[in-house]
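Reader: I have a model open and would like to go through a few spots in it. Can you take my questions as they come?

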Amino acid sequence: EDLTAFIQAMPKTELHVHIEGTLEPEMKFQLAKRNGVALPYNTVADMRASYNFHDLQSFLKIFYEGKSVLLKEQDFYDLTYAYLTKAAYQNVLYSEIFFDPQMHTDRGIPFETVIMGLTRAQADARRQLHIDSQLVMCFERELSADSAMRTLEMALPYRQHIVGVGLDSDEKNNPPDKFRTVFARARQAGFHLTMHCDLDQLETHEHIRQALEDLHTDRIDHGGNILERADLVAVARRRGVAFTVCPVACGWLRQNGENINIVRGMLDQGLKVTVSSDDPAYMKGNYVGQSLIVAQGDAALSRQDLLTITRNGIDAAWISAAQRKDYL
Ligand code: ADE
Ligand code: ZN
């Protein structure tokens with residue numbers, strides 16, 4: 001059954017989208033021109049053709065090249081408003097947006113510049129486009145725990161603008177436990193917790209275990225390899241931990257020569273699975289609507305499955321009980 005129209009019309013949430021990953025080539029050129037930054041490509045087509053990666057590390061290399069054009073508060077505003085416009089047109093009612101402050105503060109851009117641009121766009125989009133959003137601050141896991149702690153402290157004066165903290169970037173030899181004290185401090189300050197356990201990483205099961213059992217995370221981003229461990233599935237199900245799966249980036253698990261669809265597998269296991277876009281500008285422009293369409297095709301999702309995913313998204317969102325009731 002073709003459920004494309006049903007998916008398009010469905011009210012949506014998105015809980016896993018990196019704002020820097022929504023920077024489209026057109027805007028990259030526009031900001032480069034405005035800021036007098038040189039780019040290694042002459043055309044949008046050449047830039048898109050360079051978006052060629054085969055694993056997390058090769059993706060991150062391309063992804064980090066994009067940040068050079070983001071310098072001023074207005075740049076962060078334009079980036080965020082453009083994302084929220086696209087999301088609103090896809091009937092996204094609510095989005096939790098990841099941002100990586102260290103990507104910017106390490107280049108000498110003040111934390112305040114980043115957060116003011118983002119929050120001003122959120123406020124305008126709330127008013128003009130009727131889309132609500134909150135920010136989730138991610139730590140870059142290949143950087144030190146000290147750097148993450150300093151970033152957390154930098155964020156405390158902006159506490160009211162940030163609903164949770166996450167962990168992203170290069171997972172190789174950077175387990176969740178490396179940030180145990182940082183996440184404990186974040187929890188104490190009232191932030192919700194999530195962390196990436198990307199697909200097929202070294203020690204992926206141990207990373208998922210640490211996230212669940214040692215750091216008591218509220219959500220896991222991706223986390224598809226949990227389907228290989230019945231004991232961890234049981235823990236996640238019991239605790240109601242939500243998974244933000246991105247079917248365009250990480251849709252399939254290879255198990256004993258068989259391809260297991262992750263959304264299907266998580267639904268079948270009774271895990272709280274949600275669907276998001278991750279870095280849509282680097283993934284052929286597949287925003288959350290297209291990501292749901294891909295998941296529907298790959299996993300033969302029924303209308304009931306799609307409604308379950310929608311409800312899971314509302315359930316897993318870091319919003320008040322009153323707002324949740326409003327969406328249901
Ligand atoms: N940074 C941006 N997108 C990411 C992803 N999917 N995994 C890890 N780090 C990221
Ligand atoms: Zn991600």
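Reader: Start with Ser58: buried or exposed?

Author: Ser58 counts as buried, because its relative accessibility is 16% and the cut-off for buried is under 20%. Keep in mind that this is a predicted model.

Reader: Where is Ser58 found, and what does its side chain reach?

Author: Ser58 is in helix H4. Its side chain reaches the backbone nitrogen of His54, at 2.9 Å.

Reader: Staying with helix H4, what does it contribute to the shell around ligand 1?

Author: Helix H4, residues 56-65, supplies four residues, the largest share of that shell.

Reader: Which residues surround ligand 1 overall?

Author: The surrounding residues are Leu56, Phe59, Leu60 and Phe63, together with His18, Asp168, Ser169, His196, Asp198, His222, Asp278 and Asp279.

Reader: Which polar side-chain atoms lie by a nitrogen atom of ligand 1, and how far off?

Author: One belongs to Asp198, at 3.0 Å from a nitrogen atom of the ligand. Another belongs to Asp278, at 2.8 Å from a nitrogen atom of ligand 1. On the backbone side, a polar atom of Ser169 is 2.8 Å from a nitrogen atom of the ligand.

Reader: How much of ligand 1 does the protein cover?

Author: The protein covers 98% of the 260 Å² of accessible area that ligand 1 has on its own.

Reader: And where does ligand 1 sit?

Author: In the largest pocket.

Reader: Are His196 and Asp278 buried or exposed?

Author: His196 is buried, and Asp278 is buried as well.

Reader: What about Lys284, where does that one lie?

Author: Lys284 lies in the loop between S10 and H13. Its phi is near 55°, which is positive in a residue other than glycine. Lys284 counts as exposed because its relative accessible area is 76%, and the cut-off for exposed is over 50%.

Reader: Asn286, buried or exposed?

Author: Asn286 is found in the loop between S10 and H13. At 17% relative accessibility, Asn286 counts as buried. A polar atom of the Asn286 side chain is 2.8 Å from the backbone oxygen of Met283.

Reader: I also flagged Ala300. What is its phi?

Author: About 50°, so positive although Ala300 is not a glycine. The residue is in the loop between H13 and helix H14 (303-316), and it counts as exposed at 57% relative accessibility.

Reader: Change of topic: where is Asp46, and why is it called partly exposed?

Author: Asp46 is in helix H3, residues 44-49. It is partly exposed because its relative accessible area is 40%.

Reader: Last one, Gln255. Which strand is it in?

Author: Gln255 is in strand S8, residues 252-255. With a relative accessibility of 22%, Gln255 counts as partly exposed. The C-alpha atoms of Gln255 and Tyr51 are separated by 28 Å, and the two residues are 204 apart along the chain.

Terms used
Residues numbered from 1 in each chain as written. Chains lettered and ligands numbered in written order. Predicted model: local features only at pLDDT ≥ 70, side-chain atom pairs only at ≥ 80, totals over all residues. Heavy atoms only, no water. Buried < 20%, exposed > 50% of the residue type's maximum accessible area, 1.4 Å probe, protein only. Near = heavy atom within 4 Å. Polar contact = N/O pair within 3.5 Å; in protein donor to acceptor, adjacent residues only side chain to side chain. Areas by Shrake-Rupley, 256 points an atom, 1.4 Å probe, with all protein chains shown as cover. 1 Å grid on protein atoms, 1.4 Å probe; cavity = no way out; pocket = protein on both sides within 12 Å on 5 of 7 lines; lining within 4 Å. Sits in = over half its atoms within 2 Å of the grid points. Helix = DSSP H or I, 4+ residues; strand = E, 2+ residues; numbered from the N terminus.
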